[in-house]
Amino acid sequence: LIEFPREGYSAFSGGKLDGNERILYGIRASSGKSNHCVIEDVSIFNAARDGVYTKGRNSDSRLIVSKCNFSNNHGRALWAHVSGPIFAIENYLETSGRDGIDLDAGAKYNVCIFNTSVKNKRHGICFRFHKITYDS
């Protein structure tokens, strides 16, 4: 329904986004080198896949998702995947087809505080850690 631009700053506040089980993502915040973005007080429901999708975000750009309601998204409510810092603060995430919040491969420097995640099919919050190797 919403796709953030490839560059610059974005903010989306208030309102309801209904994917009607046909639109893949409520908000696609994964475009190119998009800078810092804020999603606040938005209801995102019935996406065919994920409520907020972040794969491929610039690793230096912050995404703040605050006080949003996610319901009945068929994938994950909030998927921080191969992206820079995601700050998930005080969100309500329910009845996702997978996870409420998925901090997945390549997602780094994320902060999740004061979220409520209920009735999701897999996990409330899913963390995946990868082996880190250091060259000496």
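Is Cys 37 buried or exposed in this structure? At 2% relative accessibility, Cys 37 counts as buried, where buried means under 20% relative accessible area, exposed means over 50%, and partly exposed covers what lies in between, with a 1.4 Å probe and protein chains only. Cys 112, by contrast, has a relative accessible area of 25% and is partly exposed.

Before I go on, please keep in mind that this is a predicted model, in which local features need pLDDT of at least 70 and side-chain atom pairs count only at pLDDT 80 or more, while totals for chains, interfaces and linings use all residues. Residues are numbered from 1 along each chain as its sequence is written, and side-chain values use heavy atoms, with hydrogens and water left out.

Staying with cysteines for a moment, a disulfide is a covalent bond between the sulfur atoms of two cysteines. Counted here as a pair of cysteine sulfur atoms within 2.5 Å, disulfides number zero in this structure.

Now to the protein as a whole, which has zero helices and 16 strands; helices (H or I, at least four residues) and strands (E, at least two) are DSSP runs, numbered from the N terminus. Of its 136 residues, 41% count as buried.

Let me turn to the aromatic rings. Rings of Phe, Tyr and Trp (its six-membered ring) pair if their centres lie within 6.5 Å, and planes under 30 degrees apart count as stacked, over 60 as edge-to-face and the rest as tilted. By this rule there are two aromatic pairs. One of them joins Tyr 25 and Tyr 53, which are stacked, at 4.3 Å centre to centre and with 15° between the planes. Tyr 25 belongs to strand β4 (residues 25-28) and Tyr 53 to strand β7 (residues 50-53), so this pair ties together parts that are 28 residues apart in sequence.

Asn 73 counts as buried, at 1% relative accessibility. Leaving aside neighbours within four places in sequence, Asn 73 has contacts (heavy atoms within 4.5 Å) with several residues, among them Ile 44, Phe 45, Thr 95 and Gly 97.
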